[in-house]
Amino acid sequence: VLLSKMGRVEEALAHYEAAFSIDDNYADAKNNIAAAKLQLEAKEREAAVKKLDSGLFDLPAEDATDEKVTTALRKLIQDAEARRKRAPTGVLDEDLKVALSNALPIVRKSSDPHALFALGTVLYELGAFWEAASTYERVAEILPKSASPQHQRGLSLAKAGEFNEALQAYQLAVSNDGNMAISYNNMGVLLSKMAKHDEALHYYQIAHSIDPEYKDAVDNIAAIHRTLNHWKELVQHHKEVLHGAEGLTSDQIPIVLAGYKTAGDGLGSHLPEISRYMSRYRNVVELDTDNMYDVEANLDDNLVLVVVEPYRLVVPRGRREYRIYLTLFESDRIPPSWVEILNQHASEVWTTLPWLRDGFRASGVHVPIKIFPIGTSPPSLPSAWHERPPAKNGFVFLLIANMQPRKGVVETAESFIAAFGANNSQVTLRIHAKWGDTNVFTSLDSFKQYSNIISSTGTLEAGELADLWLSADCVIALSKGEGWGQIPREALSLGIPVIMSDIPCWQDIKELAHKEGYQHAYFVRTAGTQPAIYAFTAESTGSFLIIDEVNAQETMVQVYRRYSSLPSRPSGAKLGQGKFPISWESASEKFLKEMHKDVLVFTKSLGVACGISSYTYDLFGDLPGAAFARSWSEVFVYAKFFKLKALHIQHEHGLHWDDNEFLRMIYEFANDYPDITIFVTMHSLYLGYEDRTTFYKSLSTMAYIITLNGKAAQHATFELMHIEHGIPSSYQIPPTPILRQNHVATFGFWDPEKRHDALCQLAEDAQVAIDLYSHAPAEFGEMSCDGLVNYYRDFLDTPDLLMRLSEYSAIVFLRRPSHLSFAASGSARMALLANVPVICEDSLHFADLENTVELAPLEEIPRRIREVVSNEELRRHIVERQKQFVAKWPPSEIQARHRALYDQLRPKHMPGELPPDYIEKAAMPAEESDEANKLRDEMNKFVDSPIRNLADEEEEDSEFAKFRSEKIREHLRRSNLRGDKRIKDAA
């Protein structure tokens, strides 16, 4: 690692390979080998590219024929794209831009519109916007009735800053094609930038009328209404999604079951079993995900349960659709493409077991995940299994599994031969599969020479399948990875002894067997991991477990000796007293019950990795009857979908940025749904500012306000309830030896308010090394202070982060004190699970943990760190105190307190009408100071429209960012002009 940081990549690679040769399970070494090789390949490519003469193309003479010019144009495009592919990102862009711009006067004479359009695209991507606009103009001359070249010309001109000319181009585009919603939207964007907001609104509304599902147009209409302070219009805009559904009641909304109806034996093929039960109580529509017409015709206006892998339903969620993905996976990570689908389109996710939920979380899924066991359909046998006498031709191990590498079929055959020998007539391994991978079949061919291994493939008739089950003396399933694993469950329901691998999906069986003292379930231990490989994807999918084949042999022999000597098959009580496993009817009953939602949790940041979204899905994810919304429009829709008793809003500071809009939405919702009680959890409370307390008092007349910080209630001048933040205690980290002596850690989103930019001084004063797990700005490099502070930017999922934190001497959190600003630190609470002392700066952010963590003012933190890291007895005492807090506030306790509020408290209603701009009128002082006027003048130089801009998406101006951090934060701390909206919004 040190050699790599010094730029000596070749030497670093040699050392990584040496480490891996010593320990081939050393994941860090393996990953570093791959990274070093990529670095070397990039260097080689860059060196090769620099040898290219990127400025020269073979161009025809100026008087060449159209055919020669077009041929040269096509070759130029191919050459340019090929060179860009060979080069590292951005290396050739400037040279190519110059070369193509120089070639443009000649190749622009071509009459091939498709080749010219492709050239325009390349120029646009290279940032040559004027040249791109000229090229698209030439295409428009050739195809005067086409809308696309004019639209692309408008896009290029907008990027070049020529808004008026861009507007003219977009106007020509829509005159050629009146259904170009994107052109109308972009016209609105340009007009918004020109401060012509009323005209912009007109074009956004046209775009929305053409395509009601066009999200950018929908968002831009809302932004314009905010800009113009059209609060009532904004409310109507959010409620517009309900147009035509006013008379619809929750019981009338059909449940759409989306699965695949083609042949298969995966989860999606069980759609009929679920439908058969649910259709007794609700209108059910079965949707075939392989039929796109069926998908498009049946999704919107429906409650959708997707019983299928995410990649089979990737169409965006409709504006009047609540979508639940019921899915599972066989390894400990899901494909990144699945993560993207679930974060974007899922209202919530259901899966079968806690380890799968953890794997989904670790893969990056940031929506609520609930656990629901699925059903099992045991085969129908003509007689009870135990009544069939043992076979005369010897003891039979039965393996029913499709021939996939993860099923461990080849490993099972190898273990069987090693245990019993070849051609042993006393014992047989019977293998059956419906289908399989060619490579597995090929590997299994080598076992055909043994008479005691019999294999077959294909679909069996019911009678044949029953005979197969009855022939088994023991079922064996040595899978490396399963999402549910039906075969052992079916076998146990019949009373057949089972040998199975000790993998996560069968831990429920193991726990139940241990609890009941059941003697006929055997588990083969695992021995490490291997990369998970699937035929349907090349994406990274984590790991499978490796089966300990020696233990597999020992277990087979143990089972054979136990049962082969018995005069008859074992009978007696089955696992779960006949209630295991659950049927598809029982599973479907649970599904349907959960669809009767009575609480709606509204969190704008769901689907995104952040503290409040993680708080929401950790706490409410498995709360029975909880539904989830990400926008006000969804709030109004789902209140129609479900019979709600409570709406619970997570008020995320910075996302609900306008108080008047928030109050107006609450007011309108309360009027539309007077029987629904509204709760608002304020994740940040600012009780020292007049405009904030005015807002809280107004809000408290319509909703119950909840704080997560116990100290806030002591200072509130309005009705305020406290519920403890809680800790996601599903993450249990075993005690770990302190591996990093005199080493402390901290983590969280990068924020100067957390003093992340001032860790060097702390490290030097405390005489310790500090590791920061956060995406630090690039200027902080990889380490600072002569190596005392290290910056780790890679995202770690919660279990991995906690395991890493458990190796440190202490975990430290800092926070600059602020006047009566209250929040609850989720990071500090999660750190309590790492079993190491947590030290926090004595600020209001951590004050409610005063009897749990070590609190100290900033100047005392270095001394306290030295005391903790040097005193093992003190560390043990602090950790014990922290464990008591964790045990006191598990999620179940926090959920119970929320549920009690939902059940007991009745709705509030503001008397009379809510005045427009209520907060501004109540909070604005009579006169403004010279400082405020000066600040506003300065800020107006930088504040831009909040409109979502397709045509000109630029990064935030660094000058404004600097201004904001240095001036506005300072002003908000000490100015009495708390109601100045422009200042507040910019901050």
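The questions below concern a helix crossing and several salt bridges in this predicted model.

Me: What makes up the contact of H18 with H23, in nonpolar, polar and charged residues?
Reply: Residues of H18, including Phe-416 and Phe-420, meet residues of H23, among them Met-556 and Tyr-560. The residues of this contact divide into eight nonpolar, three polar and three charged.

Me: How do you know that Lys-597 forms a salt bridge with Glu-348?
Reply: Their closest N and O atoms are 2.9 Å apart, and the criterion asks for a side-chain nitrogen of Lys or Arg within 4 Å of a carboxyl oxygen of Asp or Glu, so the pair qualifies as a salt bridge. Both Lys-597 and Glu-348 are buried.

Me: Why is this pair said to tie together parts that are apart in sequence?
Reply: Lys-597 lies in the loop between helix H24 and strand S15, whereas Glu-348 belongs to strand S5, so the pair ties together parts that are 249 residues apart in sequence.

Me: Why does Arg-876 count as partly exposed?
Reply: Its relative accessibility is 45%; buried would require under 20% and exposed over 50%, with partly exposed in between, so Arg-876 counts as partly exposed. Arg-876 also forms a salt bridge with Glu-872, the closest N and O atoms being 3.2 Å apart.

Definitions and conventions. Residues are numbered from 1 along each chain as its sequence is written. This is a predicted model: local features need pLDDT of at least 70, side-chain atom pairs count only at pLDDT 80 or more; totals for chains, interfaces and linings use all residues. Side-chain values use heavy atoms; hydrogens and water are left out. Contact means heavy atoms within 4.5 Å. Helices (H or I, at least four residues) and strands (E, at least two) are DSSP runs, numbered from the N terminus. Ala, Val, Leu, Ile, Met, Phe, Trp, Tyr, Cys and Pro count as nonpolar, Asp, Glu, Lys and Arg as charged, and the others, Gly among them, as polar. Buried means under 20% relative accessible area, exposed over 50%, partly exposed in between (1.4 Å probe, protein chains only).
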